[in-house]
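These are my notebook entries from going through the structure shown below, set down in the order in which I looked things up.

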Amino acid sequence: MPVLKRIVRYLGSMRAGLALLVLVTVVSAFAALQEQAEVRQNIYGSWWFAGIIAFSALNLLFCSVRRLGPLCRLAYRPPVVRSAADLRKMPLHTSVKLGDVPDRAAAAPALAAAAFRAAGLQVSGEERGIVFGERDRAGYFGSVFTHFGLLIILLGVMIGALSGFEHINGGIAGSSFFVEEGGFTVAVQEVRMVQEDDPAIRPRVYSDVTVTQKGREIASGTVAINEPLRFGGNAIYHTTFRYVSALTIKDTASGRQKTEKYWDEDKLRLGEEGNFLYLVRFYPNFSLNTEGIPYSKNYLPENPVLAGILFLDNRPVHNVYLHLNRTETIETKDNVFELTMIGFENAVVYTVSRNLGRPLLATGAVVLVGGLVLCFAFSPRRFWAAYEENTGEMIIGGQSYRNRYSLEQTLDKITAAIGGREEE
Amino acid sequence: MSVIIEVTPTALLVENTLFTLSAALYVLAAVFHVLLLSGKKKAGLIADLIFKTGFLLHTAFIVTRGINVRRVPFVGHYEFGNLFIWATVLLYFLLKWRRRGKFNIVGAFLTLIVVLYLSYLIVVPVLFPSINIDRMHRALKPVLRSSWLKIHVSASAFGYAGFTLAFTAAVMWLLRSRLPEKKYPARIMPDCSTVEEFMYSAAVIGFLFQSIMIITGAVWADISWGRYWGWDPKEVWALITWFVYAVYLHARLTRGWTGGRAVALVLIGWLAMLFTWTGVAWWLTGIHSFG
């Protein structure tokens, strides 16, 4: 039992927290310098990295729980001050001569209370001639909120990782695909490309989708970049758009003809194995630069061309440019093919994902930022004031939680307020 | 495909003139601040005036750039660099005003760092052609056409600004703790604990904005890409910077770390920030390559 207690104490200690933070920093710095695809699998997806994160979460939890009690005591049980002499022992204190104030001993508490209020303090009364005031008490709990915010985020990440999935798929208008992990079908109803004023800017593509589960429609809407469709913890994101070309291929020897749709990087077989047209890329407004390299002037479909490389016996022979409605003749060793691009359309690629941790992530983020604001924008300050008979001075002492500067500023305001009254 | 926005020659002239003038004034302010640090007290007032004028012209430049690119000028190294330098100077003036001139001398060191940042934008690309800081007026990629851009990048600029001011104070602390007290520049510098107080305040501001930047970035990534975190090098290095400052704040607040150890952490944090800004862009590849 003592061993377990010691482990729990160590896990909740600041020393362990700082060590884990340094460890995560060093591992992440090393990982960022490596090949990204490998790193995702070998480091960020590894059991030991998950272990470090889990230990960090435990540290945050134990540390926050352990600190909660002392913080509550600190916030709600201010130290007892019995006399002006106690105030003189405080690291920050000052004395103000009360001068010509009549019946100084009797007037001092009211004078101090008024000065405290003028400096923004909440005065909670006077006891044995000592006036007490404080402000920004909420600031004591900033670190707890911040830590709990981080914990909620980590919990959201965990739930997201355990319950979620990511599925990449897409299609042209009229097509559909089944998302096995989610048990629903996504049907692409319509795909629209909207050109920008400057056609050289990548256009926006909008697609209307309908989601069905067991024949029942569960969601529908338009998906575009930065505009996902969300439903029941799932979301469909527009990842990118592609062009799909419709080609007619005629085998002149047999007279057979077929029309099929092809995506970029598809291979179109021409007779025997090893003879094929590798369809590299579709260009909406095709042109060749001075070095003979194809490019698209912009996104306007003014000169659509599907560019490919002809391979014979698995060896590249020459480039082939298929213009819209213009037949290209390709000769292989034993045959002649006539290829015509008869049309093209846009296809969309989606990332379909489920992340049930999202609400927790959002809550955690809000709590975290709120905690940081409490930590840094609220500086808890406490002041006491007592009249000292033998010197005729008002002694003011203050305590702060982390922010000596704001304590000094408030003390300046208090002394100025008392000085001002005195002049009145 | 390169998408360049056409800008009239007059608009381009105004933009370039404002940038050149503001950069020149920052350099001049640095020169006068060096004079101040070497004991020429009168140079301080002139330096401050030049620094403020430079800042006003820099503000005008950013507004003009925004008009010329027809969007918020927050994208790419050149625009972000300018935004972050501007945010740093603004934050300094705000802190100076709030602390009633207690930290006037910070400006003397800050101008030198501003000049260092400007030289990265202006001189480094000339010396190292592989570092191409694109000044062209480019339209936004579709993924960047989001109101999150303004929030995310502004938070980033102010985060970096806070860390830069903390770094400035760290440099001051190193000088103040090592130089003889009665000699310049230590003679006109506040004591080490006051400098540390400024360093802490600036680091806190930086940390708060860096936190907002990471969170808003995650929200935006979730909306655009379907995932809030992708272990992209820029994301990772932003998190590393955040971690370093988290260690500093924890060490200071809970273990009472002050002095050399605290200053060392702030210096490491600044190096991490600098690598996030420049190193990741030139040495690592990722999805944060927006020009």
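I count two residues as in contact if their C-beta atoms, placed from the backbone, lie within 7 Å. The model is predicted, so I noted that local features need pLDDT of at least 70, that side-chain atom pairs count only at pLDDT 80 or more, and that totals for chains, interfaces and linings use all residues. Residues are numbered from 1 along each chain as its sequence is written, while chains are lettered from A and ligands numbered from 1 in the order in which they are written.

Entry on A:Arg88. I found A:Arg88 in helix α5 of chain A, residues 84-88 (helices are DSSP runs of H or I with at least four residues, numbered from the N terminus). Leaving aside neighbours within four places in sequence, I listed A:His93 and A:Ile395 as the contacts of A:Arg88. A:Ile395 is 307 residues away from A:Arg88 in sequence, yet their C-alpha atoms are 7.2 Å apart.

Entry on the chain pair. I looked up the interface and found 35 residues of chain B in contact with 34 residues of chain A. On the side of chain B that touches chain A, α7 (192-225) and α8 (233-255) each supply at least two residues, and α8(B) gives the most, with 14 residues.

Entry on domains. For chain A I looked up an assignment, automatic or from a database, that gives domain 1 as 2-74 and domain 3 as 163-242 + 350-368, among others; the C-alpha centres of these two domains of chain A lie 35 Å apart.
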